[in-house]
Amino acid sequence: MAQRLTVSDGVSKKTSRVRVAVRLRPYMSRQDEKDEGPCVRGLDSQNLEIINWRNATETVKYHFDVFHGEQTTQQEVFLSSVKPILPHILNGQNASVFAYGPTGAGKTHTMLGTAEQPGVIPRAVREVFNLVSAKDEDEGWDYSIGMSYLEIYNEKVLDLLSPNSQDLPIRENKDKNILIPGLTHTAISSFSDFDKHFIPATLNRTTASTKLNQRSSRSHAILLIKVVRTQRALPHRQQTGKLYLVDLAGSEDNRRTGNQGIRLKESGAINLSLFTLSKVVDALNSGTAARIPYRDSKLTRLLQDSLGGSAHSVMITNIAPEYRYYFDTFSALNFAAKSKLIVNKPFTRETVAVPVLPVKRSREEHEAVGSGAEPHKKKQKEEKKSEQDGSSPSAHYHSLSEPSVMERLIALEKLMMSCQDRNRQSVLKDVAQSRKEIQELKEKQREFERKATLLSQLAKEKSSSKDEAAFKNTLAPLQRKQPNVTKPNKQQAVVQPMQVSQLQPLQHLAVVRKQSVCVTKEKKKLSDLVEPPDGKENVESSWESQLDKSVLNESKQKILHILNTGCLKELKGLQQIGDKKAKLILGWREIQGHFTKLEDLINIEGMTQKRFSSFMKANILSALGK
């Protein structure tokens with residue numbers, strides 16, 4: 001029996017504000033023709049300023065927990081922003097680190113880095129193993145570490161450790177913990193073991209090239225490191241800490257990235273999830289919002305514990321100095337300024353196994369064990385007899401009055417009394433609750449004893465008065481049937497066989513004739529419609545047979561030309577082609593090339609054979625009508 005407890009470790013009553021660090025990427029492109037240079041610069045280790053777009057002679061200043069300039073190394077970012085929150089994981093608390101910013105600002109470099117300059121993720125995992133190995137074995141705790149890795153691509157949760165998996169659901173248990181059923185969880189014992197699983201999984205992440213970034217992340221990637229520590233001695237307490245390392249995809253301006261087709265759909269999903277993230281931050285900061293929109297996006301659902309939850313959170317906002325990134329940088333800084341106002345409430349959750357005391361057996365059970373199989377058979381006979389007599393509540397009484405239930409409650413009471421870390425008032429409250437439950441069980445026991453006694457008395461009365469009851473039962477039917485015998489007219493009025501036999505043949509024949517007429521009519525109609533397979537094809541393509549073949553071929557070539565060379569507006573000008581199908585055609589064209597024949601249109605999502613036939617008929621007849 002396990003009881004879920006909230007344990008005080010000195011910080012459960014405190015709050016933890018979301019720490020925000022801003023990292024400025026080095027200037028990577030040449031100055032433009034206007035010689036405008038960078039639009040943002042750092043002032044000191046916590047302050048920076050950006051040019052005011054309303055008035056170029058003014059600047060807007062921001063203050064954050066940490067500011068990392070262009071010359072800041074990966075090691076400095078990790079030591080100042082990430083390392084301080086990692087010890088909380090070993091105490092059964094959650095921590096979260098996520099990178100935010102526009103596309104091309106260096107989020108993936110900050111989180112992953114390179115072989116020469118590792119990022120936050122490899123450094124954080126290595127530090128977790130160092131913290132575990134530094135623990136003294138005399139403390140009496142055993143540690144185990146596991147990992148899970150997933151991505152959110154087009155609002156689908158995909159397992160990167162198992163590439164063949166489908167979209168995974170997101171669930172929430174009774175303790176308000178976010179779970180993903182079916183997500184792979186791999187145990188790791190060293191950093192090299194982590195590297196062996198993480199590097200192939202990273203290659204499974206969805207990336208693509210845009211005008212602003214050669215290898216742009218098209219999904220949000222979330223790495224989960226779970227540390228479980230178990231107490232060796234009784235009562236075997238178990239504490240679980242989780243570390244979320246999140247590399248968000250960047251917000252994109254499709255006018256500058258040149259996204260089309262599939263890239264445009266990916267960009268829409270990314271921007272929508274980041275917009276929902278902004279709404280969550282606004283709702284948390286308002287303090288008056290009736291609902292926090294965590295469920296509006298898969299990303300915010302998974303970050304529910306990191307923003308406004310129970311995790312120690314750090315957000316690393318990546319920005320670019322180039323003037324062409326000005327509005328993206330300005331929006332990212334405003335979002336970071338709002339995020340640092342969010343307050344989380346970290347706490348430790350642990351599972352305690354309550355010891356089960358040995359249950360004292362009753363005298364009947366001891367006799368049954370000592371005498372072998374005969375008492376067991378006798379007990380089965382008694383149970384069958386009680387079921388026949390209708391004394392099933394007594395069986396229910398035995399199941400409810402098991403000594404183990406009461407013994408467990410007593411053991412729980414003793415454990416609570418021995419707990420010195422908890423508040424005395426809460427201990428007294430729990431003891432009073434356990435005593436109340438014990439009293440309720442005793443009252444139920446007395447109630448079922450009374451019912452069992454009453455049922456046994458009824459059974460004895462029933463067996464003693466069996467002959468008398470049979471005599472009374474023989475007289476009772478005669479007394480009930482006498483009034484019916486004195487009224488034979490009702491039975492004659494109900495039957496009347498002569499009248500029914502005269503009418504039944506006529507009605508039966510009439511019904512049969514009507515059915516035969518209906519059947520013949522239906523048969524004629526079906527025979528008129530049903531034709532051989534060749535005739536059916538001729539009926540479906542009869543409109544094509546009425547047209548001149550040269551005109552028909554010319555119309556098909558025009559449609560094929562529009563499909564291969566037409567822009568979005570020209571594709572939407574075709575019959576039965578809306579905005580969604582036009583974008584899908586552009587995406588298919590970008591990947592597969594031109595359509596070699598019109599029948600290739602069936603490969604487009606949502607275009608079935610029936611819809612293709614209707615599409616051809618509508619467009620050819622429309623062209624001829626013009």
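Start with the aromatic cluster: select Trp 53, Tyr 323, Tyr 326, Phe 327 and Phe 330, which ring pairs link together. Rings of Phe, Tyr and Trp (its six-membered ring) pair if their centres lie within 6.5 Å; planes under 30 degrees apart are stacked, over 60 edge-to-face, and the rest tilted. The structure holds 10 aromatic pairs. Zoom in on Tyr 326 and Phe 327: their ring centres are 5.2 Å apart and their planes stand at 85°, so this pair is edge-to-face.

A word on the model. It is predicted, with residues numbered from 1 along each chain as its sequence is written. Local features need pLDDT of at least 70 and side-chain atom pairs count only at pLDDT 80 or more, while totals for chains, interfaces and linings use all residues; side-chain values use heavy atoms, without hydrogens and water.

Now colour by accessibility. Buried means under 20% relative accessible area, exposed over 50%, and partly exposed in between (1.4 Å probe, protein chains only). Tyr 326 is buried, at 2%. Phe 327 is exposed, at 53%.

Next, look for charges over rings. The rule is NZ of Lys or CZ of Arg within 6 Å of the ring centre and within 35 degrees of the ring normal. Select Arg 126 and Phe 191: the Arg lies over the ring face, 3.9 Å from its centre. Then select Lys 340, whose charged end sits over the ring of Phe 64, 5.6 Å from the centre.

Move to the annotated site. The unreviewed UniProt entry lists a "binding site" that includes Pro 102, Gly 106 and Lys 107. Such positions use the numbering here, feature names are shortened, and annotations may be inferred rather than shown by experiment. Pro 102 is in the loop between β8 (94-100) and α2 (107-111). Helices (H or I, at least four residues) and strands (E, at least two) are DSSP runs, numbered from the N terminus. Pro 102 is buried, at 1%. Contact means heavy atoms within 4.5 Å. Beyond four places in sequence, Pro 102 touches residues including Gly 250, Asn 318 and Asp 328. Gly 106 lies in the loop between β8 and α2, but is partly exposed, at 24%. Outside its sequence neighbours within four places, Gly 106 contacts Arg 25 and Asn 318.

Finish at helix α19, residues 549-565, and select Ile 562. Ile 562 is partly exposed, at 27%. Leaving aside neighbours within four places, Ile 562 contacts Glu 570, Leu 571, Leu 574 and Arg 589. Buried residues in α19 include Ile 559 and Leu 563.
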